[in-house]
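Here are my notes for a first look at this model. They are numbered so that you can check each point against the coordinates.

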Amino acid sequence: MNAPPTFESFLLFEGEKKITRELDTKVPNAAVFTINKEDHTLGNMIRQQLLKDPNVLFAGYKNPHPMENKVVLRIQTTSDYAPNDALMNAITDLISELSLFEERFREGLKDKQDGLD
């Protein structure tokens, strides 16, 4: 089989960065972020969170190739809001939402287990 070793899909190699940023020269106030060792799961979650922000004009992602474990995220924002700030705010909000989800899940699980005893 031609597939790379499984560990290459989630371990960063020495000197490899998790996220890199390039300014998008075609569109004003836009940037392209490459997130290494991730797939559609994280790409779609971040894109959805970015689209909730009224200062984000465009947010999209792609996985360049199924054998490459990276997501390319393109963000365009209003002139008074930096794409870096939009990404950081989206990630912070996602962490908060997922923490709340985990807390409610654990409470529900505990309630369910208490009801079975």
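1. **The core.** In this predicted model, the largest nonpolar core has 14 residues. Those with the most contacts inside the core are Ile46, Leu50, Val56, Leu73 and Ile75. The largest share comes from helix 2, with 4 residues.

2. **Ile46 inside the core.** Which residues does Ile46 touch, leaving aside its neighbours within four places in sequence? The contacts are Ile35, Leu73, Leu87 and Leu94. Leu73 is also among the core residues with the most contacts.

3. **Strand 2 and its partners.** Strand 2 covers residues 30-36, and strand 4 covers residues 70-77. These two pair in the antiparallel sense over 7 bridges. Ala30 stands opposite Gln76 of strand 4. Strand 2 also pairs with strand 1, again antiparallel, over 5 bridges. There, Ile19 has Ile35 as its bridge partner.

4. **The hairpin turn.** Strand 1 and strand 2 form a hairpin with 6 residues between the strands. Look at Asn29 in this hairpin: its phi is positive, near 55°.

5. **Thr34.** Thr34 belongs to strand 2. Is Thr34 buried or exposed? Its relative accessibility is 12%, so Thr34 counts as buried. Beyond its neighbours within four places in sequence, Thr34 is in contact with Lys18, Ile19, Thr20, Lys70, Val71 and Val72.

6. **Helix 1 over the sheet.**

7. **Salt bridges: Glu16 and Lys37.** The count of salt bridges comes to 7. One of them joins Glu16 to Lys37, with the closest N and O atoms 4.0 Å apart. What does this pair tie together? Glu16 lies in the segment before strand 1, and Lys37 in the loop between strand 2 and helix 1, so the pair links parts that are 21 residues apart in sequence. Glu16 is partly exposed at 28% relative accessible area. Lys37, at 11%, counts as buried.

8. **Salt bridges: Glu38 and Lys18.** The side chains of Glu38 and Lys18 also meet in a salt bridge, at 2.8 Å from N to O. Glu38 sits in the loop between strand 2 and helix 1, and Lys18 in the segment before strand 1, so this pair ties together parts that are 20 residues apart in sequence. Glu38 is partly exposed, with a relative accessible area of 24%. Lys18 is partly exposed too, at 32%.

9. **Salt bridges: Lys52 and Glu97.** A further salt bridge joins the side chains of Lys52 and Glu97, at 3.6 Å from N to O. Lys52 lies in the loop between helix 1 and strand 3, and Glu97 in helix 2, so the pair ties together parts that are 45 residues apart in sequence. How open is Lys52? Lys52 has a relative accessible area of 53%, which puts it in the exposed class.

10. **Glu97 in context.** Glu97 has its place in helix 2, which runs over residues 83-116. At 40% relative accessibility, Glu97 is partly exposed. Which residues does Glu97 contact, leaving aside its neighbours within four places in sequence? They are Gln49 and Lys52. With Gln49, the contact is polar and runs from side chain to side chain, at 3.5 Å. With Lys52, the side chains meet in the salt bridge of the previous point.

Definitions and conventions. Residues numbered from 1 in each chain as written. Predicted model: local features only at pLDDT ≥ 70, side-chain atom pairs only at ≥ 80, totals over all residues. Heavy atoms only, no water. Pairing = 2+ DSSP bridges. Contact = heavy atoms within 4.5 Å. Polar contact = N/O pair within 3.5 Å; in protein donor to acceptor, adjacent residues only side chain to side chain. Buried < 20%, exposed > 50% of the residue type's maximum accessible area, 1.4 Å probe, protein only. Core = buried A, V, L, I, M, F, W, Y, C linked by side-chain atoms within 4.5 Å.
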